[in-house]
Amino acid sequence: MPLLAIETTCDETAAAVVTRSRQVLASVVASQEQLHARWRGVVPEIASRAHVERIIPVIDEAVRRSGVARSGIEAVAVAVRPGLVGSLLVGLAAAKAIAAMLRVPIVGYDHIAAHLYACHLAHGESLPYPFVGLVASGGHTSLFRVRSPLDLDRLGGTIDDAAGEAFDKAASLLGLPYPGGPEVERVAREGDPRAHRLPRPLVADRDRLDLSFSGLKTALRYLVRPPGGPADTPPPVGRARADLAASFQQAVIDCIVAKLELAIDRTGCKAVAIGGGVAANSALREAVEALGRRRGLGVFVPPRSLCTDNAAMGAIAWERLERGDDDGLLLDVMPGTDRSRRGR
Ligand code: KG4
Ligand code: ZN
């Protein structure tokens, strides 16, 4: 019998039905991209309200597509951290109502650990623990030693912007719409990644597994609009824009790959896995594959649909249910992050 997973941490309203053997029977994602596009970023109040409107239809659709009767749902899983508090609360309220109605267990799960569990879902037993895991999304960029699905040691991560946030800001500077990552990737395909010399912050610092993207964004900004130049300089177009996008994307990838390699050196792990929206980026995926070939590592990358936010990765909740956990109706959200991370 399956669980129902619910995911409303940021701007996707998602629900999935996943069996105990980790088979995804249905996964529905309602994106709010269009609602936030004009603000070039997620507006929390708009996100919460959209979740309220969509959560029940999305859950209904997931259950309908799964072919499972409502009474066949064995447990409810819900992402309880990290995320926007108003968004998280909508998912939690729905999860509690359903768990109470069906009289089944409810378990909360960690959205970041779930992003890496997407690799587990996609690759099953061939994913060897421990591995070095990178989660790069719109709100987070962190490196972990992943001992088991629920046991992650944070090794480092961004000290300022998340990688996805940097892509979104770069897109905005280049006159491209939100969300920026896929747009920068598309435009970068026509450009030369060596056209501009952009910084690789913290890469030379081999004592730290930290990353920094805000200086990179500022460097791009000065290339687009040189200091002292007119404030109304229009965004670049054509080949100039493609070269800027490709150079920016390459700088982000070089920083990430350098720290992945350092994390491998430090931990002695034999495998690398990536997750989160930025892991959908083809150039990053290829660079991590190349690192794997160079260092003789296993590389585990989820399909793109499991990189961006979804509820199928809520299958991680089975790891808790199988050990008998039930958080009960006092379960609460934990919007913030902490430095070490337990799936729960
Ligand atoms: O994991 P996700 O869907 O949501 C969060 O948990 O934040 O990640 C969304 C982020 C956005 O910043 C988006 O621009 C970025 O992932 N992203 C990409 C690509 N697809 C999505 N960044 C680079 N290349 C992509 N192809
Ligand atoms: Zn995410």
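Predicted model: local features only at pLDDT ≥ 70, side-chain atom pairs only at ≥ 80, totals over all residues.
Residues are numbered from 1 along each chain as its sequence is written, and chains are lettered from A and ligands numbered from 1 in the order in which they are written. Local features need pLDDT of at least 70, side-chain atom pairs count only at pLDDT 80 or more, and totals for chains, interfaces and linings use all residues, while side-chain values use heavy atoms, with hydrogens and water left out.

Ligand 1 has 21 residues around it (a heavy atom within 4 Å). Gly138, Asp168, Gly181, Glu185 and Asp309 come nearest. Several polar contacts were computed (pairs of N or O atoms within 3.5 Å). The side chain of Glu185 places an N or O atom 2.7 Å from a nitrogen atom of ligand 1. Backbone N or O atoms also take part. That of Gly181 lies 3.0 Å from an oxygen atom of the ligand. For Gly139, the distance from a backbone N or O atom to a ligand oxygen atom is 3.4 Å. On its own, ligand 1 has 550 Å² of accessible area (Shrake-Rupley method, 1.4 Å probe). The protein covers 91% of this area.

Two packed helices are described by the angle between their axes and the distance between the axes. Helices here are DSSP runs of H or I with at least four residues, and strands are E runs of at least two, numbered from the N terminus. Axes are lines fitted to C-alpha atoms, for helices over the stretch in contact, and angles run from 0 to 180 degrees between N-to-C directions. The axes of H5 (residues 163-173) and H7 (residues 214-224) come within 10 Å and cross at roughly 5°. H5 is therefore roughly parallel to H7 (angles under 35 degrees). Lys169, Ala170 and Leu173 of H5 meet Lys217, Leu220, Arg221 and Val224 of H7 (contact: heavy atoms within 4.5 Å). Four of the contact residues are nonpolar, none is polar and three are charged.

Two cis peptide bonds lie in loops. One joins Tyr129 and Pro130, with omega about -5°. Pro130 sits between helix H4 (111-123) and strand S6 (131-136). Another joins Tyr178 and Pro179, also with omega about -5°. Pro179 belongs to the loop between H5 and helix H6 (180-188).

Arg103, a residue other than glycine, has a positive phi near 55°. Its loop runs between helix H3 (85-102) and strand S5 (106-110). Ile159 occupies the loop between strand S8 (151-157) and H5. Not counting residues up to four places away in sequence, Ile159 touches Leu202, Arg208, Asp210, Leu211 and Ser212.

Definitions and conventions. Parallel < 35°, antiparallel > 145°, perpendicular 65-115°, else oblique. Nonpolar A, V, L, I, M, F, W, Y, C, P; charged D, E, K, R; others polar. Polar contact = N/O pair within 3.5 Å; in protein donor to acceptor, adjacent residues only side chain to side chain.
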